Amino acid sequence: MPGQARSSSSEVCVVLPCAGTGTRFSAPYPKELHCVAPGITVLDLSLAPFLDLAAAGSRVRLIAVVTAAKLATVRYLARFSDLLTVVITYQAAQHGPDLRGAVTAAVPLCTADTVLVLPDQYCSWDAARNPVRAALDCLPGSRWAVLAAPAHDPADLAAEGALRIERVRDTERVVAAADKPADPSPYNAAWMCIATTAKEVARLPDAVCPDAAGSAHPLVGAAAVRVAGYRNVTTPWDT
């Protein structure tokens, strides 16, 4: 069953991994700073639901994971500091590479229910139904929740954190999950954001990239909130 609706004063931590080199994006600037409209970057749209939470009274702690090459991103994040508490941390060799390493770097700083948001993705939404709030409202009754973008193209699913979403009793749930699956045919969605409780946040690296073959994927059983208008600036996938 979904958890009780969160109060406007609830605290939430947001993990924003910006340490990647953007190899697939192939631009001379960070992909999160790509303009999707005049004066509006993909990062503005990725963080918009969290700014909405903060404007409604939630205490939002944004934990941005960067490298020294991402100082332009660090400067850009300053514009959000009136509404969000912005924390900058660095992904170092001790954390490991890629997205898993970035999430590992952020986990010790996560002190409340936590949402992982990728800075190159966003979706359509409105203030009447903020999808991030809907995911957080599933906690703690469900220890995990995802924003799921429906997908059917095998090439798209093979490049993403793939999910199989099915209705289980009265709630949509993740019944299978894999990162960049070799066989994408069983899957019908990809995760855009992952929400989890403070008690489970140590497992967040395993949710984005399972470390042990054969171990249970943390996202199996997670509540799923479908999103529309999904955009990923790294790939041409639109829904």
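Predicted model: local features only at pLDDT ≥ 70, side-chain atom pairs only at ≥ 80, totals over all residues.
Local features need pLDDT of at least 70 and side-chain atom pairs count only at pLDDT 80 or more, while totals for chains, interfaces and linings use all residues. Residues are numbered from 1 along each chain as its sequence is written, and side-chain values use heavy atoms, leaving out hydrogens and water.

View 1. Strands (E, at least two residues) and helices (H or I, at least four) are DSSP runs, numbered from the N terminus. In S1 (residues 11–17), 6 of the 7 residues are buried, so the strand is largely enclosed by the rest of the structure; buried means under 20% relative accessible area, exposed over 50%, and partly exposed in between (1.4 Å probe, protein chains only). Strands pair if DSSP finds at least two bridges between them. S1 runs parallel to S4 (residues 59–66) over 7 bridges, with Glu11 partnered by Arg59. Another 3 bridges join S1 to S6 (residues 114–117), also in parallel, and here Val15 stands opposite Leu116.

**View 2. The salt bridge of Lys70 and Glu32.** A salt bridge puts a side-chain nitrogen of Lys or Arg within 4 Å of a carboxyl oxygen of Asp or Glu. In this pair the closest N and O atoms are 3.1 Å apart. Lys70 sits in the loop between S4 and helix H2, and Glu32 in the loop between S1 and S2, so the contact ties together parts 38 residues apart in sequence. Both residues are buried.

**View 3. Arg203 meets Glu200.** Their closest N and O atoms lie 3.3 Å apart. Shared partners link Arg143, Glu200 and Arg203 into one salt-bridge network.

**View 4. Lys180 beside Asp179.** This salt bridge has its closest N and O atoms 3.8 Å apart. Lys180 is partly exposed at 47% relative accessibility, as is Asp179 at 30%.
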